[in-house]
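Let's take a walk through this one, helix by helix and ring by ring. Have the model open and follow along.

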Amino acid sequence: MMGRMPRSSLRALLSIVALLSLRAIAADATAEPGRPGHHRSGGFQNNHIEFEPKGLAALIRWRLDAARAGLPKPPAAPTPTVAPDLAFVRANAQAGMRMQPAVTWIGHATMLLQAGGLTVLTDPIFSERASPLGFIGPKRRVAPGIALAELPHVDAVVISHNHYDHLDAASVRALGAQRGGAPVFLVPLGLKAWMAEQGLEAVELDWWQRHTVGAVDFVLTPVQHWSGRGLGDRMQTLWGGWAVLAPDCHAFFAGDTGYSKDFADIRARFAARQGADAGGGFDVALLPIGGYEPRWFMAQQHVDPAEAVRIHLDLGARRSIGMHWGTFELTDESLDQPPIALAAARAAQGLEADAFSTLAIGETLRLPPRGR
C-alpha cells in the first residue's frame, strides 16, 4: 500500500492533471485527399509514426509512479549560469552584415541566435511558470540568462509548437511591444490565429515552406512531436523545427522532438545547399537533451541524450548545443542529469567534447563565419 503522498508531490500531480487533462480530443486520423500526408481532417500527424498523445490514465500512472519513487531527485549541482556578455550581444545586434555568428542560451529552449545581420529568438519563455496560470504548473528554477528588458532588438522569433513551455503568451506579447517595432514572428500552420488573439501578426508556414527576412531564409522542417494547448485542440496546429540559413551561418533548431527519420530527411533536403563547396552541413544544431524520463511515456515525443547524438549525426552538423534542460522540472530525470548522459552518449559515438556540448545559461558561443 502506498504511503501518504507528500503535499508537494500531490500539488504537482494535481497541477499537471489540471493542465494536461484539458487536451482531450486528438485529430482525426483520416488523410485529406490531394493534400500532404501530414495533413489530416482534424489537424496534423507525424511523418513516420501515427502518434497518439498519452491519455489521462497514463498521465496519472506516471505521476503516481514518480511520487512513489521520489522523482525527480534533487540535482547534485545547480544548472550552470554566467553573467551574459551584453556588450558583445548588443554590439553584434547592431553590426549588420559584419555580425559574428553566435548563440546565447537564455534557458530551456530559448536561444538567442545572431547570424546574417539578424537577431533571432527561439521559443521565447521568460515567465516564472510554463503554464496558462501564474500559480500552478512547472516553475522556473533558473532566471533567464538575459532578461527581457536587457535584450537587444529582436528581428525575428521562431516558434516550434504551442506547448506552454515553448509558446508563452506573456513573452511573445512583450516582444511584440519592444522598442523599435515587433519582430517577425514565424509560426507553424494553425498558430497565426492564436497570435492574432495576442494582438500580433505572424507568418504561418507548412513543413518545407520558406520565408526570407533580410538575407536569411527560414524553413519550417518536420520533427516528431505533437501540439495541444487547451480543450479539444490536440494536434490541430502544426509543429516543427527551423532551418535558419544565413550567408554566414546555417543553424538548425529542433524545438521538441522524438527520434525519427525526419533528421536524415532534413539533411537530404538541404544537401544541394550544404555541399562541401558551399560550406558543408549545419554550422550549429540546437537540440533538446532533457525532458525524457520515463521512456515509456516520453520516447515518441522527447529524445534522450543518446538519441540527440544520433540526430546530430543524422543532420551532419558541425557542432551541436544541448538545450531544453536545467530550467523547468518537467519530467523524472534530475535537472543536472542531461549533460551527464550527453557526455556518455557522445563518448560512445567517439565524438570530441566540443562536437556536442552544452552552454551555461547566459553564455554566448561565438561561431566562425561559414566557409572559414
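A word on burial before anything else: a residue is buried under 20% relative accessible area, exposed over 50% and partly exposed in between, using a 1.4 Å probe and protein chains only. What you're looking at is a predicted model, where local features need pLDDT of at least 70 and side-chain atom pairs count only at pLDDT 80 or more, while totals for chains, interfaces and linings use all residues. Residues are numbered from 1 along each chain as its sequence is written, and side-chain values use heavy atoms, with hydrogens and water left out.

Let's begin with the aromatics. Rings of Phe, Tyr and Trp (its six-membered ring) pair if their centres lie within 6.5 Å; planes under 30 degrees apart are stacked, over 60 edge-to-face, and the rest tilted. By that rule the structure holds nine aromatic pairs. Take Trp-62 and Phe-297: the ring centres are 4.7 Å apart and the planes sit at 35 degrees, so this pair is tilted. It ties together distant parts of the chain, 235 residues apart, with Trp-62 in helix H2 (residues 56-69) and Phe-297 in helix H7 (residues 295-298). Helices here are DSSP runs (H or I, at least four residues), as are strands (E, at least two), numbered from the N terminus. Trp-62 is buried at a relative accessible area of 3%, and Phe-297 is buried too, at 8%.

Next, find Phe-252 and Phe-263, an edge-to-face pair with 6.3 Å from centre to centre and 85 degrees between the planes. Phe-252 belongs to strand S12 (residues 249-253) and Phe-263 to helix H6 (residues 262-269), 11 residues apart. Phe-252 is buried, with 0% relative accessible area, and Phe-263 is buried with 0% as well.

Axes are lines fitted to C-alpha atoms, for helices over the stretch in contact, and angles run from 0 to 180 degrees between N-to-C directions. H6 and H8 pack at about 20 degrees, with their axes 8 Å apart. That makes H6 roughly parallel to H8; the cut-offs are under 35 degrees for roughly parallel, over 145 for roughly antiparallel, 65 to 115 for roughly perpendicular, and oblique for the rest. Contact means heavy atoms within 4.5 Å, and here it involves Phe-263, Ala-264, Ile-266 and Arg-267 of H6 with Ile-311, Leu-313, Asp-314 and Leu-315 of H8.

Now follow H8 (residues 305-315) to H9 (residues 337-348), where the packing angle is about 55 degrees and the axes are 8 Å apart. H8 and H9 are therefore oblique to each other. Pro-305, Ala-306 and Val-309 of H8 meet Pro-338, Ala-341, Leu-342, Ala-345 and Arg-346 of H9.

Last stop: Val-103, in strand S3 (residues 102-107). Is Val-103 buried or exposed? Its relative accessibility is 0%, so Val-103 counts as buried. Leaving out residues up to four places away in sequence, Val-103 touches Leu-112, Leu-113, Leu-286, Leu-359, Glu-363, Thr-364 and Leu-365. Asp-168, 65 residues from Val-103 in sequence, lies 21 Å from Val-103 in space, C-alpha to C-alpha.
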